[in-house]
Amino acid sequence: MKKILIMNGPNLNLLGIREPGVYGSTSFDDYLPKLRAQYPAIAIEYYQSNIEGCLIDKLQEVGFSYDGVALNAGAYTHTSVALLDCIRSIKTPVVEVHISNVHQREEFRHRSMIAASCKGVICGFGLDSYRLAIEALLNS
């Protein structure tokens, strides 16, 4: 069975509450069972942390044995050289994910520090961005 990790960074534990006009009104806890039901033959694990080092530790833990990671690094996307270096250091392919279209938002969100180390970037499709990332990982 293939294993894919969905990893969310800072403040994404507040999905469904935080800025519903940008991120929607569905929590990730409500979305995840629906996503798993779409892919019953895949082990989809979920991890969220507000702490950069914990995200790095988890990537290193799964980065040599999983089939893929769908990573929404939140604000760390735009600031973290440490995440960039970590993704470059592991074997598991990583797809950068964003719920909103970051290119329609503040200018500082237009630049990703981690994109150069990722297999691809998916943004702007709401929570469906995670499904699209899974599809990309399965078809790579």
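Which side chains meet in a salt bridge with a distance of 2.7 Å from N to O? In this predicted model, they are the side chains of R131 and D128, and the legends below begin with that pair.

**View 1. The salt bridge between R131 and D128 in helix 5.** The two side chains meet with a distance of 2.7 Å from N to O, and a search of the whole structure finds two salt bridges, of which this is one. Both residues belong to helix 5, which covers residues 128-138, and because they are three residues apart there, about one helical turn separates R131 from D128. R131 counts as partly exposed, with a relative accessibility of 21%, and D128 is likewise described as partly exposed, with a relative accessible area of 31%. As a general point, side chains of opposite charge can pair when their charged atoms come close.

**View 2. The salt bridge between K58 and E61 in helix 3.** Here the closest N and O atoms of K58 and E61 are 3.2 Å apart, and both residues lie in helix 3, which covers residues 52-62. K58 and E61 are three residues apart, about one turn of the helix. K58 is buried, because its relative accessible area is 15% and buried means under 20%. E61, on the other hand, has a relative accessibility of 53% and so counts as exposed, since the cut-off for exposed is over 50%.

**View 3. The largest nonpolar core.** This core has 21 residues, and those with the most contacts inside it are I6, F28, L35, I44, L127, Y130 and I134. The elements that give two or more residues to this core are strand 1 (2-8), helix 2 (28-38), strand 2 (42-48), strand 4 (94-98) and helix 5. When residues up to four places away in sequence are not counted, I134 touches I4, I6, L35, Y39 and I44. A second, separate core has 18 residues, including L59, Y66, L83 and I87. In soluble globular proteins, nonpolar side chains tend to be buried together.

**View 4. The packing of helix 3 against helix 4.** The two helices pack at an angle of about 5°, and their axes are 10 Å apart, helix 4 being made of residues 81-89. Because of that angle, helix 3 is roughly parallel to helix 4. On the side of helix 3 the contact is made by E52, L55, I56, L59 and Q60, while helix 4 brings A82, L83, C86 and I87. Sorted by class, the contact has seven nonpolar residues, one polar residue and one charged residue.

**View 5. I56 in helix 3.** At a relative accessibility of 14%, I56 counts as buried, because buried means under 20%. Leaving aside its neighbours within four places in sequence, I56 is in contact with A82, L83 and C86. The view can also be used to compare sequence with space, as I56 and Q38 are 18 residues apart along the chain, and their C-alpha atoms are separated by 28 Å.

**View 6. A75 in the loop between strand 3 and helix 4.** Strand 3 covers residues 68-72, and A75 lies in the loop that joins this strand to helix 4. A75 is partly exposed, with a relative accessible area of 42%. A75 and S112 are 37 residues apart in sequence, and the distance between them in space is 9.5 Å, C-alpha to C-alpha.

Conventions
Residues are numbered from 1 along each chain as its sequence is written. This is a predicted model: local features need pLDDT of at least 70, side-chain atom pairs count only at pLDDT 80 or more; totals for chains, interfaces and linings use all residues. Side-chain values use heavy atoms; hydrogens and water are left out. A salt bridge is a side-chain nitrogen of Lys or Arg within 4 Å of a carboxyl oxygen of Asp or Glu. Helices (H or I, at least four residues) and strands (E, at least two) are DSSP runs, numbered from the N terminus. Buried means under 20% relative accessible area, exposed over 50%, partly exposed in between (1.4 Å probe, protein chains only). A nonpolar core is a set of buried Ala, Val, Leu, Ile, Met, Phe, Trp, Tyr and Cys residues joined through side-chain atoms within 4.5 Å. Contact means heavy atoms within 4.5 Å. Axes are lines fitted to C-alpha atoms, for helices over the stretch in contact, and angles run from 0 to 180 degrees between N-to-C directions. Angles under 35 degrees count as roughly parallel, over 145 as roughly antiparallel, 65 to 115 as roughly perpendicular and the rest as oblique. Ala, Val, Leu, Ile, Met, Phe, Trp, Tyr, Cys and Pro count as nonpolar, Asp, Glu, Lys and Arg as charged, and the others, Gly among them, as polar.
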